Amino acid sequence: MLGPVILAASRSDRIRRLISAAPVTKQVVDRFIPGETVDEIVPIVRELTGRGLELTMDVVGEDITTPGQAAAARDAYLELVDRLKQLELGPRAEMSVKLSMFGQALGGGHDLALSNVRPVVEAAAAIGTTVTLDAEDHTTLDSMFAIHEELRKDFPQTGCVIQAYLFRTEADARRLAGNGSRVRLVKGAYREPAEVAHQQKHEIDKAYVRILKVLMEGEGYPMIGSHDPRLISIAQELAHRAGRKPGEYEFQMLYGIRGDEHLRLAAEGHRMRVYTAYGTDWYGYFMRRLAEKPANLRFFARSLVTKG
Ligand SMILES: Cc1cc2nc3c(=O)[nH]c(=O)nc-3n(C[C@H](O)[C@H](O)[C@H](O)COP(=O)(O)OP(=O)(O)OC[C@H]3O[C@@H](n4cnc5c(N)ncnc54)[C@H](O)[C@@H]3O)c2cc1C
């Protein structure tokens with residue numbers, strides 16, 4: 001399994017410096033993170049929504065170390081909301097946030113993250129859209145779910161993410177499958193120990209189907225975050241069996257991965273939301289994309305050798 005090795009190596013400062021400074025990096029990064037500023041991302045938002053896709057926007061930058069950076073992250077999202085307001089997209093463009101970027105890992109982090117994310121959720125609601133809290137490594141999740149619950153008291157449409165690889169997730173899904181909840185199910189992208197998470201792909205896939213069944217049979221709004229063709233057809237079957245019509249669940253995929261499939265599902269009448277990340281602090285997001293598909297790393301390594 002190369003993925004966990006890549007994720008472990010990505011924590012090294014040396015690897016970070018090497019990858020960040022390599023001349024070919026930018027063109028590979030652009031495949032997954034198609035802009036650094038809000039001005040650069042607005043044309044992409046226009047293009048994708050013009051093609052019938054919906055969006056969830058992510059400002060990258062999870063590796064913050066000071067409360068000032070957490071406040072800057074909040075302001076970057078507020079700037080984004082301002083631009084989305086001008087585009088008048090309503091719920092067709094929502095936002096995804098990582099609470100680490102809002103200060104969750106700093107001293108007093110739980111309260112700091114809540115106080116930074118709340119204005120973003122408020123601003124999103126004011127333009128008719130919403131925010132989904134991404135799931136990060138397992139040590140952060142109790143705090144994330146508590147913040148989610150707190151935000152939902154005033155903004156019940158606030159979504160959250162659950163990860164099929166974690167043993168805890170089936171129970172989380174049952175708790176979250178109630179009326180009005182919006183839950184994105186993903187396989188999970190972090191390096192997790194065997195005490196808390198399935199390690200084998202087939203075990204993760206089986207768990208994904210079990211959890212998806214809970215969400216589909218529940219009263220909430222399931223968001224299927226996967227590019228896996230098998231899981232996408234199983235999701236359609238489960239939705240059908242649960243009596244859900246298109247529009248009562250949605251598919252979500254990452255920008256830069258299986259773009260033809262985004263358009264195919266949208267053309268079939270499904271709600272298809274593209275997770276579109278932008279910003280300058282792309283390292284963590286980019287390394288998870290490399291780890292998910294070792295062929296990406298091989299391509300990247302070849303580019304380093306041939307052009308570097
Ligand atoms: C909308 C969305 C939001 C997400 N949010 C979170 C989150 O909050 N927390 C979290 O832990 N994880 C998140 N993830 C990542 C997720 O956990 C997986 O790591 C990722 O989706 C890959 O799993 P998969 O279901 O696509 O299946 P896989 O079996 O990994 O992939 C299926 C197929 O998709 C293609 N593919 C998948 N990944 C890549 C890639 N990086 N590059 C090129 N092709 C690829 C390949 O063709 C592959 O065969 C999110 C994913 C999506 C789609």
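## Aromatic pairs

How many aromatic pairs does a search of the whole structure find? The count comes to 5 aromatic pairs, and keep in mind that this is a predicted model.

One of the pairs brings together Phe32 and Phe286. Their rings are 6.4 Å apart, centre to centre, with 55° between the planes, so the pair goes down as tilted rather than edge-to-face, a label kept for planes over 60 degrees apart. Phe32 belongs to helix α3 (residues 25-32) and Phe286 to helix α12, which puts them 254 residues apart and makes this a link between distant parts of the chain.

Now for the ligand, which you'll find in the largest pocket. Several elements give two or more residues to the shell around the ligand: β4 (159-163), β5 (182-186), β7 (250-254) and α12 (283-292). The top contributor is β7, with 3 residues. Helix α12, then, turns up in this shell as well as in the Phe32–Phe286 pair.

## Who surrounds the ligand

In total, 26 residues surround the ligand, and the closest are Gly188, Ser226, His227, Glu292 and Asn296.

## Polar contacts and cover

A polar backbone atom of Ala135 is 2.8 Å from a nitrogen atom of the ligand. Gln163 uses its side chain instead: an N or O atom there is 2.9 Å from an oxygen atom of the ligand.

On its own, the ligand has 920 Å² of accessible area, and the protein covers 87% of that.

Notes. Residues numbered from 1 in each chain as written. Predicted model: local features only at pLDDT ≥ 70, side-chain atom pairs only at ≥ 80, totals over all residues. Heavy atoms only, no water. Near = heavy atom within 4 Å. Polar contact = N/O pair within 3.5 Å; in protein donor to acceptor, adjacent residues only side chain to side chain. Areas by Shrake-Rupley, 256 points an atom, 1.4 Å probe, with all protein chains shown as cover. 1 Å grid on protein atoms, 1.4 Å probe; cavity = no way out; pocket = protein on both sides within 12 Å on 5 of 7 lines; lining within 4 Å. Sits in = over half its atoms within 2 Å of the grid points. Helix = DSSP H or I, 4+ residues; strand = E, 2+ residues; numbered from the N terminus. Phe/Tyr/Trp six-rings, centres within 6.5 Å; stacked < 30°, edge-to-face > 60°.
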